[in-house]
Amino acid sequence: MRGVDDGDVDDGRTGHRPDDGAGGTGGTRGGAPRGAGTKAAGVTAVAGLAALGLFVAACSTGGTGSRDEGAARADATAAGAPTPPAAASGSAKAAERVDPVALLKSDPKIGARVKADLKPCAADAYPVDASYGNLTDGAAPDVVVNVMTCGDAVGIGTYVYRRQAGGSAAADTAAAAGYENVFMSEDAAVYGTIDRGDLIVTKQIYAEDDPVAYPSGEDVLTYRWSGNRFVQHDWVHNEYSQAVGEGDGATEAPEPVPSPSAAG
């Protein structure tokens, strides 16, 4: 770099070296000592390098000389927020409770034997189960009613009631309430349930000497609503092991063996 150390080179403009001995200045140019010019040039170079470093740092942060942070962006905040759960595509139908015993008693399709057995087991507790669900895609949930015996809770009848438009569940009779009997099965050991829109009817199979607690098998029938009635869709037969329940009876006590002294 020119000007850093000009005292050791020939002055092209004058054709001679500066006077190093006159006046005992030790070599000067323009009245300033040689060492002072070198130090000034060095400081200038260091300052230039520092400025260059700050410029490079400013470029790396977007050219503003400082980090562009500031407040968080709105879209970034929204991206970090938890997403609310999606609303259900459809609302479940409200299960308007009905009196299943009143439905059965006012239903002319119910057999005389079932109506005769439709009595309270204790106080006003009837052996009747009721289930609500969508079987016929009607305006209101369908009602599955099961009638059982009081002693061993064996099903003797299962029924499905479908709500008609304009009916009221608070009415006294099934017809006035707008419920229609669209399925019935009156048989020994029968029970109906709702499974994901299907009507499942289970019938226990008993052999001649089977106790009530141990049937020989069961038939599982699946019904689906088609048009204006239930149509059988599937059938499964299960046979139970005959070993279940064996050995549960009382056994005879072994006779005592007489001791040798008692035998004489």
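1. Start with the sheet made of E7-E8-E9-E10: four strands, open, with antiparallel pairing. Strands here are DSSP runs of E, at least two residues long, numbered from the N terminus, and two of them pair if DSSP finds at least two bridges between them. E7 (190-195) and E10 (229-239) sit at the edges with a single partner strand each, so one side of each has no neighbour in the sheet. On average, neighbouring strands are turned by 25° against each other, direction ignored; axes are lines fitted to C-alpha atoms, and angles run from 0 to 180 degrees between N-to-C directions.

2. A word on the source: this is a predicted model, where local features need pLDDT of at least 70, side-chain atom pairs count only at pLDDT 80 or more, and totals for chains, interfaces and linings use all residues. Residues are numbered from 1 along each chain as its sequence is written, and side-chain values use heavy atoms, leaving out hydrogens and water.

3. Within that sheet, E7 and E8 run antiparallel and are joined by six bridges. Tyr191 stands opposite Thr202 in E8.

4. Have a look at Ser216, in the loop between E8 (198-205) and E9 (217-226). Leaving aside residues up to four places away in sequence, its contacts (heavy atoms within 4.5 Å) include Ile205, Asp210, Asn238 and Tyr240.

5. The other sheet to check is E3-E4-E5-E6, an open one of four strands with antiparallel pairing. Its edge strands are E3 (128-133) and E6 (179-185). E4 (142-148) and E5 (155-163) pair over six bridges, and Val145 stands opposite Tyr159 in E5.
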